[in-house]
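Here is a short report on the spaces inside one protein model. Have a look at the sequence and the structure, then read on.

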Amino acid sequence: CRKSTMWKYKEFMPVDPAGIVSLEEGGTPFCKCDKLGNELGIELYVKVEGSNPTGSFKDRGMSVGITKAMELGVDTVGCASTGNTSASLAAYAARAGLKCVVLLPSGKVALGKLAQAMFHGAQVLSVRGNFDQALEAITSLALEGHLYLLNSINPYRLEGQKSIGFEIVDDLSWKSPDRIILPVGNAGNISAIWKGVTEFHRAGFIDDLPRMTGIQAEGAAPIAHAIWEGLNDIEPVENPETVATAIRIGAPVSSKKAIRAITESDGLAETVSDEEILSAQKLLARTEGIGVEPASAASIAGLIKLVNSGKIDKGEQVVCVVTGHVLKDPNVAINACEEPIEIDPNIDSLLKAIKGD
Ligand SMILES: Cc1ncc(COP(=O)(O)O)c(/C=C/C(=O)C(=O)O)c1O
């Protein structure tokens with residue numbers, strides 16, 4: 001691969017480097033955000049996963065997962081998805097020449113993600129039900145041998161996504177931050193990043209470990225409730241609801257791993273409302289110029305809430321992982337803004353519009 005990608009850490013990946021299926025995923029921007037950080041009294045970095053080839057962190061897991069699928073000689077791969085997993089799987093399956101089947105909850109998938117899954121040639125099935133029901137259906141299909149399942153229940157996905165942890169340590173000149181904050185849906189990513197930083201700790205690259213802090217939408221927060229009640233597994237949320245459709249998940253498959261990551265790291269779980277998510281999404285875009293989809297903004301909304309409640313100390317070095325690009329959900333972005341003013345193409349109309357008179 002030409003540029004610095006996640007394959008810089010290939011020795012930590014359980015696949016043959018000779019056969020990597022790659023779109024040069026990883027090596028994403030690590031932006032210091034002093035305006036927002038100073039306002040909150042912390043040292044803030046943002047890891048911009050929307051800069052991956054299909055616009056989300058999923059590409060890291062799919063690169064390893066599809067590479068493994070090729071090693072296994074499968075011909076069809078599949079997933080259920082709230083959108084980004086299907087967009088990424090469709091692209092990597094196309095690159096590898098594999099058939100791809102994706103199950104999406106009808107009417108609950110952001111436009112950009114649906115466009116990607118369809119345009120990369122996946123067979124897109126729209127399920128009359130939610131993500132959890134779609135995942136149950138396709139898992140049964142996989143268990144009967146009809147396809148290779150690449151949801152984050154597949155450990156090879158997490159092996160790719162753990163490289164976010166590797167890069168954060170590397171970006172901080174081989175140091176661990178005090179805390180890593182990220183949105184949590186099916187809970188693969190928080191489990192993967194914890195795996196990555198603990199592998200680097202065991203290898204002796206870092207002396208400390210970050211506090212893993214998972215943020216969920218108030219209407220889809222089984223893991224946060226389990227953490228608050230001191231449980232080691234979740235009570236599924238029957239009808240998860242949030243504008244952040246990427247994390248509209250009621251029965252996260254990696255819940256036990258995620259609960260372990262948060263408790264073992266002395267981290268935190270927090271929930272945020274849809275309003276807090278949408279306001280954080282606009283704040284990040286207009287203060288730091290970083291455009292993310294709603295679910296990703298949950299990590300910023302959670303940061304603000306935890307700082308304001310005193311659960312995050314002033315001066316902490318915090319990394320917020322923002323997981324998907326703003327273009328994934330253009331409707332939410334446009335609905336959050338004023339309608340553009342229509343003008344005639346002459347200087348008078350232009351001046352009038354700019355001056356707002
Ligand atoms: C932008 C964005 N941010 C956060 C999450 C939550 O990560 P996990 O906690 O590892 O699930 C997702 C997940 C999406 C899917 O689960 C799917 O695409 O099927 C996401 O797309």
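How many nonpolar, polar and charged residues does the shell around the ligand have? By class, the shell has 9 nonpolar, 12 polar and 2 charged residues. Here Ala, Val, Leu, Ile, Met, Phe, Trp, Tyr, Cys and Pro count as nonpolar, Asp, Glu, Lys and Arg as charged, and the others, Gly among them, as polar.

## About the model

This is a predicted model: local features need pLDDT of at least 70, side-chain atom pairs count only at pLDDT 80 or more, and totals for chains, interfaces and linings use all residues. Residues are numbered from 1 along each chain as its sequence is written, and side-chain values use heavy atoms, with hydrogens and water left out.

## Around the ligand

The shell holds 23 residues around the ligand. Thr85, Gly185, Asn186, Asn189 and Thr323 come nearest. Three helices each supply at least two residues of the shell: H3 (84-96), H8 (188-202) and H12 (294-308). Helices (H or I, at least four residues) and strands (E, at least two) are DSSP runs, numbered from the N terminus.

Now the polar contacts, which are pairs of N or O atoms within 3.5 Å; within protein, one must be able to donate a hydrogen and the other to accept it, and residues adjacent in sequence count only if both atoms are side-chain atoms. A polar side-chain atom of Ser81 lies 3.1 Å from an oxygen atom of the ligand. For Asn84, a polar side-chain atom lies 2.8 Å from a ligand oxygen atom. Gly185 uses its backbone: an N or O atom there lies 2.7 Å from an oxygen atom of the ligand. The protein covers 99% of the 470 Å² of accessible area that the ligand has on its own (Shrake-Rupley method, 1.4 Å probe; for residues, only the protein chains shown count as cover).

## The cavity

Rolling a probe the size of a water molecule over the atoms shows where empty space is left. On a 1 Å grid over the protein atoms alone, a cavity is a set of points where a 1.4 Å probe fits but cannot get out, and a pocket is an open set with protein on both sides within 12 Å along at least five of seven lines; lining residues have an atom within 4 Å of a point.

The structure holds 1 cavity of 30 Å³ or more. Of its 29 lining residues, Phe57, Lys58, Asn186, Ala246 and Ile247 are closest to the centre. H8 gives the largest share of this lining, 3 residues. What takes up the largest cavity? The ligand does; a molecule sits in a cavity if more than half of its atoms lie within 2 Å of its grid points.

## Two pockets

The largest pocket has a volume of about 230 Å³. H8 gives the most to its lining, with 5 residues. The lining divides into 5 nonpolar, 2 polar and 5 charged residues.

The second largest pocket holds about 190 Å³ of space. Helix H11 (residues 274-287) gives the largest share of its lining, 6 residues. By class, this lining has 7 nonpolar, 2 polar and 2 charged residues.

Key: Near = heavy atom within 4 Å. Points joined across faces, edges and corners; volume = space filled by probe spheres on them.
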